[in-house]
Amino acid sequence: NQNGDFIHGDEWPAFGPSLKVVTAFSRDDVTGKKEYVQHKLIDDSAAATTVFKLLNNTDEDLYGGGAVVIICGNAKHMPKSVQDAIASIFAAGKNISKDDALVLVNRLRIEGRMKFETWSV
């Protein structure tokens, strides 16, 4: 939940408006609906476009690529699910197969541009 799991949540605003933090606290919805960050990335086309532009090294517009993504949450399923969502975004943005996109996602990890802060329950 947001109260217990929003690591350094009070510090993020100090980085200014150029920092985009996408959160999804799956246990906080009063209706019981589970919303996960990977769903937000896929379902929000503007967010998907921004993620693609920020992570895509070959992008020549004002974003310039080279961003770092930090995935925080439960280690059981979240890292793979978010990586799959980012791969889907890359596949659509580059018009490549999901397997080729997963290679690019793995490259982000190797380059240190995809970091994980995960824990087990």
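## Val21 and its loop

Where is the place of Val21? Val21 sits in the loop between α1 (2-5) and α2. The model is predicted, and every value below is computed from it.

Is Val21 buried, partly exposed or exposed? Its relative accessibility is 34%. Buried means under 20% and exposed means over 50%, so Val21 counts as partly exposed. Now look along the chain to Met78. Val21 and Met78 are 57 residues apart in sequence. Their C-alpha atoms are separated by 16 Å.

## The largest pocket

The largest pocket has a volume of about 1400 Å³. It is lined by 44 residues. Which of them are the closest to its centre? They are Val22, Val37, Ile70, Cys72 and Met78.

Several elements give two or more residues to the lining. The helices are α2 (37-43), α3 (45-55) and α4 (78-94). The strands are β1 (69-74) and β2 (114-119). What is the lining made of, by class? It has 27 nonpolar residues, 11 polar residues and 6 charged residues.

## Lys53 in helix α3

Lys53 belongs to helix α3. How accessible is Lys53? Its relative accessibility is 26%. That value lies between the 20% and 50% cut-offs, so Lys53 counts as partly exposed.

Find Phe90 next. Lys53 and Phe90 are 37 residues apart along the chain.

## How α4 meets α5

Helix α4 packs against α5 (98-110). At what angle do α4 and α5 pack? The angle is about 120 degrees, and the axes are 8 Å apart.

Ala87 is a residue to look for here. Ala87 lies in helix α4. Is Ala87 buried or exposed? Its relative accessibility is 0%. The cut-off for buried is under 20%, so Ala87 counts as buried. Ala87 and Ala101 are 14 residues apart in sequence. From C-alpha to C-alpha, they are 4.9 Å apart in space.

## Asn95 between the helices

Which residue has a positive phi although it is not a glycine? It is Asn95, with a phi of about 55 degrees. Asn95 is found in the loop between α4 and α5.

Asn95 has a relative accessible area of 72%. Exposed means over 50%, so Asn95 is exposed. Ala87, in α4, is buried instead.

Note on methods: Residues numbered from 1 in each chain as written. Predicted model: local features only at pLDDT ≥ 70, side-chain atom pairs only at ≥ 80, totals over all residues. Heavy atoms only, no water. 1 Å grid on protein atoms, 1.4 Å probe; cavity = no way out; pocket = protein on both sides within 12 Å on 5 of 7 lines; lining within 4 Å. Points joined across faces, edges and corners; volume = space filled by probe spheres on them. Helix = DSSP H or I, 4+ residues; strand = E, 2+ residues; numbered from the N terminus. Nonpolar A, V, L, I, M, F, W, Y, C, P; charged D, E, K, R; others polar. Buried < 20%, exposed > 50% of the residue type's maximum accessible area, 1.4 Å probe, protein only. Axes fitted to C-alpha atoms, helices over the stretch in contact; angles between N-to-C directions.
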